[in-house]
Amino acid sequence: MRGDEFVSQLHQEIEERLEHLGRLSGAGEAPVDLTIERLLIVALKNELEATEVAAIWMTDTQELDVKLSLARQVGDEAKHYRAVCDRLKELGNDADLIDPRQNGYSPLFHYLIGLKGTIQRIAAGQFAREGVALVRNQCFIEYCESLGDIQTAALYRDVIQPDERHHHELGRKLLARYAEDPLAQSEARQAASRTIELAEEIQEMARLKAGVSRAPGC
Ligand SMILES: [Fe+2]
Ligand SMILES: [Fe+2]
């Protein structure tokens, strides 16, 4: 199978799981103490982890186009972090006092930084993780709108989502270029699948332990 055919097939395979993840994220009544601020603090952690993973990978990825796409992602995710901080401040939180590393890094972060192959990195980090982010952010935007927080909704819809879409599309393009043989395609499929699985587990844990659903992605 050619790389572009493979990517279309993989996209179809994961689409259903992403939709499921979105449904889970928005399922049930939101607890009354589930404020936008609480969810934005979760977002800080996701943005920091996305920044750091891309930065770590950038240093030892050999393919120049992938290295540069990771560089752009580092900048974008750090910009998202800053934008979320600014919004938290507008909502009355001293976001500079928050350190998202306080409770450690997520299992997804540890899984991602352990990936050494370029194909796996593109499939997991850009293609799948950014796909997850798109679905979760959409769910978060709808939640903000339902609570009348138009400004936070606009930040996500107009500033953050276009970047996450770009990262995901870049993942598609690079996968089509590099996932050309059966071994590479099987590695890509496995990495994308594991990423979504971990995202599901983390989401479910957050819901069970802290009643957090509808949290934005990276
Ligand atoms: Fe992203
Ligand atoms: Fe982001």
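**The iron site**

Modeller: Glu77 bridges the iron ion (ligand 2) and the iron ion (ligand 1), and the two ions lie 3.7 Å apart. This is a predicted model, in which local features need pLDDT of at least 70 and side-chain atom pairs count only at pLDDT 80 or more, while totals for chains, interfaces and linings use all residues. Residues are numbered from 1 along each chain as written, chains are lettered from A and ligands numbered from 1 in written order, and side-chain values use heavy atoms, without hydrogens and water.

Biologist: What arrangement do the four donor atoms around the iron ion (ligand 2) make?

Modeller: Donors are N, O and S atoms within 2.8 Å of the metal (3.2 Å for Na, K and Ca), and sites may look incomplete because water is not among the atoms. Here they are Glu47 (OE), Glu77 (OE), His80 (ND1) and Glu164 (OE), lying 1.9 to 2.2 Å from the ion. Because the angles around the iron ion (ligand 2) run from 88 to 140 degrees, the arrangement is irregular.

Biologist: Is His80 buried or exposed?

Modeller: Buried means under 20% relative accessible area and exposed over 50%, with partly exposed in between (1.4 Å probe, protein chains only). Glu164, with a relative accessible area of 0%, is buried. His80 has 0% relative accessibility, so His80 also counts as buried.

Conventions
Tetrahedral: all angles 85-135°; square planar, octahedral: opposite > 155°, others 65-115°.
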